[in-house]
Amino acid sequence: MLYEISESVSAKNSVILLHPADNVAVARVAVGEGQSVEAGAVTVFAKDFIPPGHKLAIREITVGEPVYRYGNLIGFATQPIEPGEHVHEHNLGYQEVQTAGEAPQAAPPRFEGPSTRSFLGFARHDGRVGTRNYIAVVAASNCAAYTSELIAQSFEDEALPSTVDGIVAFPHGEGCGMSIGPDSEQLQRTLEGVLDHPNVSAALILGLGCEVNQISHYLGKAGDHAPATLQGLTMQETGGTRGAVEFARNHIRQFIERAAEEKRAETPASKIVLGLNCGGSDSFSGITANPALGHCSDLIVEQGGTVVLAETTEIFGAEHLLTRRARSPQIAAKLLRTIENYKAYLRQFGGSFNDNPSPGNKEGGLTNILEKSLGAVAKAGTSTLEDVLAFAERIESPGFLFMDTPGYDPVSITGLAAGGVNLIAFTTGRGSAIGFPNIPVIKIASNSNTFRRMRDNMDVNAGRIADGQATVSEIGAEIFELLLRVASGERTCAERIGHHEFAPWRIGPVM
């Protein structure tokens, strides 16, 4: 990627010092070789070209000395680093730190007052509230995936009642050839969460007929649903692909008639359940978009709502920032066990948490997973950590929660969705186009360049923070107001374009 060196910036505003204890600063704009920059009370001359978002040393760093950003450790110097020198993979080494967390501090009382803000949502029989009103066609296995898409596509040219957002398919590549046990149970928990979701009016589970993941598992739990909101069929019993499409269409027509009677009603903001995710992160993500979303998260919790941070691979190295906010020592210990279990999972394949940063993350200035995680956890604001959930576990308590998911975006948002989030806020630095079949995904750009380049995909430009045009709290409040409008029916960019990414997490072998 090519960068232009701006002549309009000054030494005072060309880099960002994030904490007084830091020995590196972050280039706000491209800094040319020999250019002077000021970081706090220190003035240095760049010894290299420093791309936007990348780090330069503001004091001498010796071999083996810790390097700090956000006032936290992000690695160790692998060679002598002079003031003004570019700090990245060539001279900053990764070393796995001891997972130790910090003892929880005194937690404030839980929210007990009424919400002062509201949105227009669809009330469900179990007390949850939908921000959308879809009819879902869920494949029980890969063998039914294509047919599930055909069923949804068959309604594309049909006029639907104004209260029905659409017929959406959930195709995937799992459901057979998998081990019976934790893997199959996790898939079932995921699909159960999709079938019984607050944004779904009614659902159909479609199988081939002979797969491991039998539709009887879901139909046997029909008593947990409102009457006539779950139906199932198999292709082998209904005449194959074309026969299954026709059978499904008959069921769905009945679903549509029922959904046509459902209306949006004013609902307290406490019914918002927001999933937090990031993808294609860059160095600005932890400076602009993530802290702004964190401010929004605190506003939601203050209203009695729920925010769910995910991506276990992207809290490693920053877990101490979360354990100190845990409601109790037991919750803190639960988070640390989740990280240790993920480490064991990675060791089965010879992997490391530091395999996480992608080439794009690194080009955007993130050197390793420690640095990435410290910025990623900012999405969760400052609220008390109330609980730690398994992947796709049903979300049943308000406040700030954490869910165990991979950092891989489609799988992570699938876990959040299956847990029951009714909105997703997704920050990105390099640019992401992801969406979800039945949940609005709000896309927040960390820098103005990405916002302009991918305007059709981006809903909010948090890059204005780095540009000096807005504060973190101002953008956070903007995201909060947008969430209320989206919850009431306003479409996000991902919805308008039609992104429908869905990917269950396979944790076991292919049989």
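So, helix α1, residues 145–153: its buried residues pack against β12 (134–139), β13 (166–170), β14 (200–207) and α4 (240–259), where contact means heavy atoms within 4.5 Å. Those buried residues are A145, T147, S148, I151 and A152; buried is under 20% relative accessible area, exposed over 50%, partly exposed in between, with a 1.4 Å probe and protein chains only. They sit on the same side of α1, because they cover an arc of only 165° around the axis, taken from the directions from the helix axis to the C-beta atoms. Helices (H or I, at least four residues) and strands (E, at least two) are DSSP runs, numbered from the N terminus.

A quick word on the source. This is a predicted model, with pLDDT of at least 70 needed for local features and 80 or more for side-chain atom pairs, while totals for chains, interfaces and linings use all residues. Residues are numbered from 1 along each chain as its sequence is written, and side-chain values use heavy atoms, leaving out hydrogens and water.

Now, salt bridges: a side-chain nitrogen of Lys or Arg within 4 Å of a carboxyl oxygen of Asp or Glu. Which residues does E386 pair with? One is R110, at 3.2 Å, N to O. That pair links distant parts of the chain, with R110 in the loop between β9 and β10 (118–123) and E386 in strand β19, 276 residues apart. E386 is buried at 13%, whereas R110 is exposed at 51%. E386 also bridges to R327, with the closest N and O atoms 2.7 Å apart.
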